[in-house]
Amino acid sequence: MTANSTSTSASSSQSGKLDSTRLDDWSDWLNPMLVKEMRQVAKSHVFQWTFLLVVVASWFLGLGAIVVCYPAIRYQSFGRSLVALLGCLMVIPLVFLVPGTMFRSMELERREATFELLSLTTLSTRQIVRGKLLSILAMALVLWSVAAPGLVFAYLLGGIDIVEVVSVPVGLFFVCAVASSVAALAGSLARNAVVVTIVALALIVGLFFAAMFCWAVIGETIWDSRLPAGWWSDIGDFAIALAVLIASGASLCVSLAAARWMPPEVDRSSFVRTRLLWVAGAAMMVVATLSYRFPNEIEVPLDLIVWFTCGWFVAGTLLVSERTELSRRIRRRLPASPWRRILVAWRIPGSAGGYVFTVASMAALSATPLLVTWLHDKPGPGVVHSPAVLVGPLLINWIYFSTYLGVVRLMLLFVRRRFFPQAGFLTALLIALVVLSAGTLISGLLLIVVAPFQPTEARLLSLLSWPARWVEIYEAVSSGPFLLTSVPVFHDLTLPATIALALVWILNLPSLVRGLFAETSPLPQAVAQAEEAERAPPPTPDPFAD
Amino acid sequence: MNGFPALSVENLTRHFGSTRAVDGVTFTVESGRIAGFIGPNGAGKTTTMRILATLEVPTSGEAHICGFSAVDDPERVRQVVGFMPDHFGVYPYVACWEYLDFFARAYGLRGAERRDAVERTLAYTGIDSVADKPTRALSKGMRQRLSLGRALIHDPSVLILDEPAAGLDPRARIELRRLIRDLADQGKAILVSSHILTELSDIVDEVIVIEQGRLVAAGPMADIRQQLDRSCTIELVVAENPEGAVAWLQERLEVRHVERNGMKIQVVCAEAEEEVDEADVLVELVGAGFRVRRFGVRQETLEDLFLELTEGKLQ
Ligand SMILES: Nc1ncnc2c1ncn2[C@@H]1O[C@H](COP(=O)(O)OP(=O)(O)OP(=O)(O)O)[C@@H](O)[C@H]1O
Ligand SMILES: [Mg+2]
C-alpha cells in the first residue's frame, strides 16, 4: 500500500539515493496529515491485527459456506445469509474500532501536546482534522477491500441481487464515516483525564447503539429480506434528504472539532456557520420531501419545524456564547464599509453576528415549508390546507425564538460583565435552560394556580410560555382549514409578544452594534512591504551551507 | 531582512486572570545575534516565547518577527519563525525521518525540496543514524536534536528555543552550543532561554532578564554589567593565618563583604574590576608575609548577574 511503499522510498532516501520519487511526489498532492496518519495506521498493531482477523474471518465464512452446502451449492441461495453474516461481522471494526481510533487520535494530540507543534506550521486546524478523518476512512476502505472477495463469493452463490450486496458496504461505510465524525468531536472535547473518561464512556454507549442499529437493519433488510419492493420510488427522495442531513450533521461535527481546537482569537465561527447552513439546507430538504409526500397532513412540516427549532436554539446558544469583543486578528479581516458589514452581518464572528445569523437562518428555515406548500398548493379534492395557514404559526414561532435567544444573550452578557468574564457555551446553555424553564415550567405552574381566578392574568402567563403557545396554535391549525385571519397572527396576544421582541431587540441593540461595527484593526505596516517583497522574492541564504 | 529587526517585542503584556505572566516587556534581537532569555521560574519566559511563536495572543502590546505581527499576521510569522518548545510531542509508530517529513509537508515544502530539507536536517542535527527509529524510542538527547530539527525544517530566519539544554549530558550540551552558534553565524536571530546559565554565558551576545513578567535588564552582557553596581571579587587560599590575611585585605582595599571558609577567603570589593590591579595586591600580600596558595579575581558570570538582578520572588 501507499504507506509501505512511501516508507521504503524515503528510507532509501536518507541513505542517499531515491528510487521511487514519483510516488513520493504524488503524495505531495495529499493532505500532509493524511500521509502521516496513513503511515501511522499502517504500522499500528491494532490495525494489523484487525486486518488479519478480517482476512481470516472472510475466508472462514467462505469456506464454511462451501462445507455446509457443498453438495447442493449450485441450488441453494446461501448468498443472502453470507452477505448478512459478513455485514454483521464488519460492524465491529467499522462501527467500534475505526471511530475509536479517531477518538484516540484526536485525544492523543492534546495529551501529547503535539497539537501545539501542528499549530506552529502553516497547516490549518481544519486541514488537520480533515486529514485525520480521511486517513481513518481510508482505513475503513482497506478493511472493506479485504472483505470484498467474501462479498463477491456470496454474490456468486446466488439468492441476492447486486444492489443489495453493494448496499451493505456502502451503508456501513456511511455509518462508519458519521460515527468517526462524531468521535472526532468527542475527542476534541477532551481537556483532562476526567472529561476524557466521561466522553469516552458516552461515545462507547453511542457506538454500541449504532452497532445495534446496524445489526438490526442488516437483519431486517438483508437476512430477512423485508424491504418492500417499491420502497425506493416511494420514499427514495426522503431517504436521500435524510442521508444528506446526517452527512451534513457529521460535517458540522468535524467543523466543531476543528473550532474547538482553535484559539478564541481566530475566526473559528464563519466556517461553522457555513456548516450550520448546510445542515439547515438538508433539514429543509427533509421538510420539503415529507411535506410533498404527505400533502394533507399539515402537522408534518410543523412537527419538523418544532424539532429544528430546538436544534437551532442549541446552535443559537452556541453562537451567542461567542466572545463579545472581537480580537485584533478578526477585526483586521472585517469589511471596512458599514454597508458591507450589514450585508455580511450574519458572517461576522462574535456574539452579535451569532445572534443575527441564528435569527436570520431561523427565518429562512420557517419560510421553506411555506414555499413548499405554496408550490404544492394545487387545488383539488383532498388538499385541505393552504400555505397561508402556516404563516401564523411560523411567524409566532420565530418571534418566540428570537425573543428567548435574545434574553439568553442579554443574561450571558450580564453574567460576563458582573461575575464570570470567561463564561462560554456551557454557561450559556445553563442560562438557556433557566430561561426556558422560567418561561414554560414556572409560568405553566402559575397558570394552573391562577387560571381559575384571574383569566386575564392567565392569558398573559400563557403568553410567556412558548410551548403552551405552540400547542394552542398547533391544535387550532391541525383541527381544520383556516384562513389567514383566523390564525392567531393578529391574535390579541401576538401584539404583546411582538412588543416583547422589540424590547429584547432594543436591549440587545447597543452590544449588537458594537459587535457588528467594531473598528477594523489598522493593517500592520510590514504587511504592505511584505506583499511588495513577495512579488520579487529576494534570494534566501542556504541555511545548511557549510 | 526587510529593514525590520528580526525579533522585536514592544510593551508586551499577557494576563492570565489576575496573574501578570508578562508585564510590559520590550526588547529586540537583531539577525545573527543570540539572545539569552533568563529569569526565575514563572518569570514569563515561556509565555513571551509562545506569543512570539503565535501560540498565544498578548493582552496588549506588540510582538514582531521580521516586521510581521505575531498577533495580526500569524500565518506569515509561522513561515519565518522556528520554535522549539520545552516539551517534545511524539506520535506513536512514527519514525524520525517520517516526523521531519511530515513537518516539512506541513510547512508547505514539496517534492525534491522537501526531501532535501529532511535529509539535510537529519544530517545537520546528527540524527541520521537513528532516522528509522520510532520517535518514542529516542533518548532525551536525540529527542532534543529532533525537536531542533523540526524547528529548523522550513529554514526560519528567527529561532526561539525554550530551554533546549534541559536534561542533556555535558557532551550533548557542548554539541548543542556549537549548533546554536553555527545557526547564528548563518544569520539567524536566536532567542534562547535556559536555567543553566553557565550554558549560555559562552555563546550569548546579549541577555534579556525578566522577573515576575517585568523586564529587569536587556542588552549585551558588558553593558548590563556597566549599569550594575560595579564590584569585584577576589578569591584566595592561604596556608595559615586566614584572619590576618582578611584584616590585611580590609585595610588595603575597600572591602564590602568577606566570606571565609577555613583557609579559603572570598572578598567582595567596592572597586570595579578595572580599578583593582590584582598583581600588585598579590605582591604586597606575599610581601606582608602571607603564604598564598591560590589567588585570583573571579570573573563575574551570568549567574552572578542573574542573582544580582533578580530577587528570587516566585509567582
Ligand atoms: N495557560 C496559563 N494559564 C494560567 N496561568 C499561566 C498559564 N501559562 C502560564 N501561566 C502563569 O504565568 C506565569 C509565567 O509562566 P511561564 O511559563 O511563562 O514562566 P517561565 O518563565 O517559563 O517559567 P519556567 O522557568 O518555570 O519555565 C506563571 O505564574 C504561570 O503560572
Ligand atoms: Mg518555561
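Buried area is the accessible area, taken with a 1.4 Å probe, that two parts lose on being put together, summed over both. By that definition, chain A and chain B bury about 5100 Å² between them, with 53% of it on carbon and sulfur atoms. This is a predicted model, in which local features need pLDDT of at least 70 and side-chain atom pairs count only at pLDDT 80 or more, whereas totals for chains, interfaces and linings use all residues. Residues are numbered from 1 along each chain as its sequence is written, chains are lettered from A and ligands numbered from 1 in the order in which they are written, and side-chain values use heavy atoms, with hydrogens and water left out.

The contact between the two chains, where contact means heavy atoms within 4.5 Å, brings together 53 residues of chain A and 61 residues of chain B. Six salt bridges are counted between chain A and chain B, a salt bridge being a side-chain nitrogen of Lys or Arg within 4 Å of a carboxyl oxygen of Asp or Glu. The side chains of A:Asp28 and B:Arg105 form a salt bridge, at 3.7 Å from N to O. There are also 15 residue pairs in polar contact across the interface of chain A and chain B, both residues at pLDDT 80 or more; a polar contact is a pair of N or O atoms within 3.5 Å, and within protein one atom must be able to donate a hydrogen and the other to accept it, while residues adjacent in sequence count only if both atoms are side-chain atoms. Among the elements that give two or more residues to the side of chain A that touches chain B are helix 1 (2-14), helix 3 (32-43) and helix 21 (525-535) of chain A, helices being DSSP runs of H or I with at least four residues, numbered from the N terminus.

Within chain A, the domain assignment gives domain 1 (30-227) and domain 2 (236-247 + 256-519), such bounds coming from an automatic or database domain assignment. The contact between them takes 16 residues from domain 1 of chain A and eleven residues from domain 2 of chain A. Domain 1 of chain A and domain 2 of chain A bury about 1200 Å² between them, 72% of it on carbon and sulfur atoms, and A:Thr125, A:Arg126 and A:Phe174 supply 38% of the area that domain 1 of chain A buries there, more than any other three residues. Across this interface of domain 1 and domain 2 of chain A, zero salt bridges are found, although two residue pairs are in polar contact, both at pLDDT 80 or more. On the side of domain 1 of chain A that touches domain 2 of chain A, helix 5 (79-111), helix 7 (125-157) and helix 8 (162-189) of chain A each give two or more residues, and helix 8 of chain A gives the most, with six residues.

A:Glu164 in helix 8 and A:Arg80 in helix 5 are 84 residues apart, and the pair links distant parts of the chain.

Chain B is divided into domain 1 (7-225) and domain 2 (231-299), whose centres, taken over C-alpha atoms, are separated by 43 Å. An oxygen atom of ligand 1 lies 2.9 Å from an N or O atom in the side chain of B:Asn41, and a polar side-chain atom of B:Thr46 is 2.5 Å from an oxygen atom of ligand 1.
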